[in-house]
Every structure is written in C-alpha cells, then in structure tokens.
Amino acid sequence: MAKNYIVFIDQVDNGRAKNGKVEWKPEESEFVGWAVALHRFLVRQWGTDPSLALVGKYAPGAKRPANNVSIQIVDSGFKESYGQQPRKEIAEKRPGFLILLPYDMAKADIQKLHDVCVRAKGKTLYYSPNKPTLRLGNTTVIDAAHLWKPVAEGMCRYWTIRPMAIAETRPVPDSKHNRKWGVREAICLALGHVWRDSYVPQTDATSREERYWDLVDAIKSKTSHFRIFDWHAVYRVNMTDYAHHADSSNVLHGMQALVAISDGADSLDCAAMAIGQSRHLGGGLLVPVDLYLSSLRPDEDFGKGVPTWLK
C-alpha cells in the first residue's frame, strides 16, 4: 500500500497563536514557492545520489514515470477556503506540507525520504526575505488513498482544483482531424499524464502531437474513468508565481474545472491527487466537492452521473 507523508509546522517566525496552535496562511501565489523551498531542502538533506523520483530529472531517452514526488500545501485556512477537511488525525495537526509518493517509487528511496523528513524536525525553512520563517515539526505517515474524509451518505464526490492547474503545453495542432485545442483538451491532457500508467490506454503514436491527442481522446471517451465539466481558463497578474518552470514558447495559463473520477479497481474518493504542470510543486491539488445524489442525472456510460445543471 502506498504511503504519503505530512511534515507539520511547529512555529512560524518563532511565534504561536494564543490558542497554542500554529497559524500559517500563505497566499495561493506562494504555494509553489513554498513547495520549491521544501523540495530543495529535502534534496540537500538527502545528500549524494538523491532519488530520481524526488529530483524529477532523468537521462535523455530514459523512460519517465507518470509521476514523481509531489509537495502540496495544507495551510491553516484550508477548510475556510474550500469547505472540505482532511481526515481528523490530519486536520487536528495542520498546517504542514503534504508529500505525495508515486506508487512505483523504490522502497529503499521511500525509507530514505522518510528518514530525511524525520530528521528535518526542528530545522527552519524559508524561501524569501519578506516571507515568514517556518520551523518544521513531526512527520506523520498516512495511507495515500485516505487523505480526505469519506463521502457522506446520499452524496457523490467530484473534484475542484486548488488553486488551479497550469497547462502543460501550448495549443497542439491536430494535422489529422483539424481540431482546435482549448481548455478542455488541456485539462484532459493533464489527467492523461497523471494516469497514463493505469486508467489511460497506451498509445503507439510517434509524434508528440499525436501522443497528446491520443491522451485527450482517451480521457474524452465514453468508457473513460473521467468526466470534465464547467472548464474555463484562469489568469492572475503574475502567472509565473503558479509554475515552477515553463517553456519559453508556452504562454502560462491556469485552468479550473469540475472533475469526476469513477471508481476503477480501487476507489479514489479519498485519495490525494494533483494535476497539471505544477502538480509536483504546490499546484493542481484536487479538492473534494460533494454533491447530493438528487442533483445528479444518471449516465449510462458513467457511474457517477452528471450534474443536472450541466447536462
């Protein structure tokens, strides 16, 4: 069974709230910056030969896994912002950093990363002179499939994206069918990249453009495990705050949508998941949106149905 870690924060600028609980509410534009700061810290603390799954850099021509280690922000204002809560044992201890491990990460590397996180207790973390200094605390190990509270009876779980997903590529031409690339296609590609080793069929396409369109078509298929509703572009004044890096030819833009994921071999209703270009460093976290079953219309091709106001 895969595991995730949460590295909690003991102090912010050497101070505590009056109730004894740490308060840390970074702006959404700081999520990537803080995740990058912790990532660099973990790599330094690892020492020589850090795990490829942590570093995310592979030799040219080497097969790249669908996912690497991902770092997400679980701040003090999470419930107020989204109305959703992680499980009680997590919610009571936050704020902190959620570290998501890919299921195919080597066991020895998982143990080494766990040791690095445990040794981080008491050490400080910062990424900018005008931002607070954090003191890292205990590390808690959680089941990767059980971050969120279970779905209540009479409800069905959909997902929104925190704070947004960053598109992974510029618009991709389709020379075969002359189709246009839009926000929906970009979100499909983001989902396809995350689940290309499991729910998404392998493609034999040779060109990058063809592979991307094959992934999009797989996500759009009636037999797909995914449905996307109410997709739209999202922009901020400084979009570079929301991406760790970007190709010079790609104009950064964010995306938001209501996403449904049907059950495969194992339910993902309580799992920690992230999509998009910044999913490994502070962006694209999928946050539950629970809808009443009475607000959904049946769909013969998709078990979770479709929101009545969107069909």
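## Helix α7 and its cover

In this predicted model, the buried residues of helix α7 are covered by elements that include α6 (183–194) and β8 (226–234). The residues of α7 that are buried are Tyr212, Trp213, Leu215, Val216, Ala218 and Ile219.

An α-helix has 3.6 residues a turn, so residues three or four places apart point the same way. Helix α7 itself runs over residues 208–220, which is 13 residues. From its first C-alpha to its last, α7 reaches 18 Å, close to the 18 Å expected at 1.5 Å a residue.

Is Thr140 buried or exposed? Thr140 has a relative accessible area of 19%. Since the cut-off for buried is under 20%, Thr140 is therefore counted as buried.

Thr140 belongs to strand β5, which covers residues 134–143. Apart from neighbours within four places in sequence, the contacts of Thr140 are Asn4, Tyr5, Ile6, Phe8 and Lys93.

Pro150 is found in the loop between β5 and β6, the latter being residues 155–162. When neighbours within four places in sequence are left aside, Pro150 is in contact with Arg87, Arg157 and Cys270.

A further pair to look at is Pro150 and Pro86. These two prolines are 64 residues apart along the chain, and their C-alpha atoms are separated by 9.4 Å.

## The chain as a whole

The chain contains seven helices and 12 strands. Its C-alpha trace spans about 60 × 50 × 40 Å along the principal axes. A compact globule of 311 residues would have a radius of gyration near 19 Å, and the chain has 20 Å, so the value agrees with that expectation.

How much of the chain is buried? Of the 311 residues, 51% are buried. Among contacts with a separation of 6 or more, 76% are between residues 24 or more positions apart.

## Surface and charge

The accessible surface of the chain is about 15,600 Å². Carbon and sulfur atoms account for 49% of that surface.

The chain carries 41 positive and 35 negative charges.

Conventions:
Residues numbered from 1 in each chain as written. Predicted model: local features only at pLDDT ≥ 70, side-chain atom pairs only at ≥ 80, totals over all residues. Heavy atoms only, no water. Helix = DSSP H or I, 4+ residues; strand = E, 2+ residues; numbered from the N terminus. Rg over C-alpha atoms; globule rule 2.2 N^0.38 Å. Buried < 20%, exposed > 50% of the residue type's maximum accessible area, 1.4 Å probe, protein only. Contact = heavy atoms within 4.5 Å. Areas by Shrake-Rupley, 256 points an atom, 1.4 Å probe, with all protein chains shown as cover. Lys, Arg positive; Asp, Glu negative; His and termini not counted. Charge placed at Lys NZ, Arg CZ, Asp CG, Glu CD. Expected span 1.5 Å × (residues − 1).
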